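Work through the exercises below with the sequence and the model open beside you. Try each task before you read its solution.

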Amino acid sequence: MDVLTVTLNPALDRLIEIDNLEIGTIHRIFESEKTHISPGGKGINVSLYLDQLGIESTALGILGGLTGRMFQVRMKRDFDNRIFTSFLYVKDETRENLTLVDRKSKTITALNLPGPKVDQRSFELFMKKYVALLSRVKICEIGGTIPSGISLEVYNKMVNMAKKANVMTIVNAHGEPLSHAIEAGPDIVKPDIRGSKVVLGKTLNTLDDYVSSAKEIIDKGARMVIYSFEVKNDLVVTPEWTYLFKMKGEIKRINLMGTGDAYIAGLIYGISNGKDFFESVRYGMAAAIADELTEEKNIGGIDGMNAAMKLIEMERVLS
Amino acid sequence: MKVKDFMERDVTAVFSDETVEEFIHACVHQFRSGLPVVDSEMRVVGVMTESDVMHAIIPSYMEMLHSTSFIPDTNITKKRLEEIKNKHISQYMRENVEALKTTDTLLSAATLIIKKSHRFLPVVDEDGHLAGIVTRALILEALLI
């Protein structure tokens, strides 16, 4: 296998559909199809999408308690044992994310529980596993939140270790962990700006803000920066070119969860198949669009991704 | 059917310089009776099981006794575990363990695991890197298909 995905803080995602959700009352759910449990977390999702594209990967993560064990069993069962896994177990429980979808009132209520605390020795063992797995892969995707007990500088360390092992790095993170990762000069950076549009201390509003932020990241060593811009578009900057990848027309968006992870899987698909960055970005965007068209984390395989390619157009940004 | 078709694709393992105590916790947390031991490049260098720890802490004459009811307490065993818990598992693991290859057949896996009374066996790829594990239950489940 050529790809390693790292999720320091995986989550067991529970989605429950409730009509007319009301605080302070008991809601009894009788239809089992209205509850869904699935393993989640950025890297885990990327591995799931890569599997849909026929690319083997190893998902490395930290799990804990009975929730962690359930997570691993679901990984095996839900994905038919196709994704390689390597987990370090800690005592505290793996976090759970509870999402309540009320289709009648068209609301989504999310409760994200805390993750486990990771002690120093467990972290050392985890990093040892990480280095050992790096020796076997060509691409490493790092992303998501960081559990308590681990320094926010960890992504910087991980990128440096991957570079030392000649492994291409893709970072998909936000906030301080992202800033530290950028300092290490990962190959590809896809800042997660869903929660906050502040990157490296600067707020992003206009296209010029995005372009200059991407260039700042390039100056620190990245080979490509990908920003989601105004929902439908992606701004992609390399030292050689700057393009807006735009979606033509309108689609009926059914799902916006995990589309960033689908994007990275498509990108890795392109790179793994020898495509250049420009072409690989098209695969990434197509995978994300294909994911938006389906109810759950599903891009419909390579066919689904290829079908979405025709919805993309590119526009050079002069800067 | 080949081993790669029914093995568990979990490459969770321990390193030979982890301690016996860390190994015990790893087994308990993961509901495993043992784990593959790998080097810094994920090559399988041995296997460590709960039995290896038990053998190291229970006096050898106990195996010959038909009943342990007259043994006054478990202090000796507890003391022995206390003595070894911070030692590296390299001292207790079994090296040169036969590993299955991803291309081995279901029948050869079943034969090896039963013949040698293993509860599980590591699976390696063509370069000797850990690729997964096979347990007795996985073999039986594969035979059901």
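**Exercise 1. How many aromatic pairs does a search of the whole structure find over all chains?**

Some ground rules come first. This is a predicted model, in which local features need pLDDT of at least 70 and side-chain atom pairs count only at pLDDT 80 or more, while totals for chains, interfaces and linings use all residues. Residues are numbered from 1 along each chain as written, chains are lettered from A in the order written, and side-chain values use heavy atoms, without hydrogens and water.

Step 1. Apply the rule. Rings of Phe, Tyr and Trp (its six-membered ring) pair if their centres lie within 6.5 Å; planes under 30 degrees apart are stacked, over 60 edge-to-face, and the rest tilted. The search finds nine aromatic pairs over all chains.

Step 2. Take one pair. A:Tyr210 and A:Phe229 are edge-to-face, with centres 4.9 Å apart and 75 degrees between the planes. A:Tyr210 is in helix α6 and A:Phe229 in strand β13 of chain A, 19 residues apart. Helices (H or I, at least four residues) and strands (E, at least two) are DSSP runs, numbered from the N terminus.

Step 3. Check burial. Buried means under 20% relative accessible area, exposed over 50%, and partly exposed in between (1.4 Å probe, protein chains only). Both A:Tyr210 and A:Phe229 are buried.

Step 4. Take another pair. A:Phe245 and A:Phe278 are tilted: 5.2 Å centre to centre, 50 degrees between the planes. This pair links strand β15 to helix α8 of chain A, 33 residues apart. A:Phe245 counts as buried because its relative accessibility is 0%. Ring pairs join A:Trp241, A:Tyr243, A:Phe245 and A:Phe278 in a cluster.

**Exercise 2. How many residues does each chain bring to the contact between chain B and chain A?**

Step 1. Count. With contact meaning heavy atoms within 4.5 Å, chain B brings 24 residues and chain A 25.

Step 2. B:Arg9, B:Phe15 and B:His29 supply 30% of the area that chain B buries against chain A, more than any other three residues.

Step 3. Count the charged pairs. Four salt bridges run between the chains. One of them joins A:Lys128 to B:Asp17, with the closest N and O atoms 2.5 Å apart.

**Exercise 3. Is B:Asn96 buried or exposed?**

Step 1. B:Asn96 is in the loop between β4 and β5 of chain B.

Step 2. Read the value. B:Asn96 counts as exposed because its relative accessibility is 77%.

Step 3. Check phi. Most residues other than glycine have a negative phi. B:Asn96 has a positive phi of about 50 degrees, although it is not a glycine.

Methods:
Buried area = accessible area lost by both parts, 1.4 Å probe. Salt bridge = Lys/Arg side-chain N within 4 Å of Asp/Glu carboxyl O.
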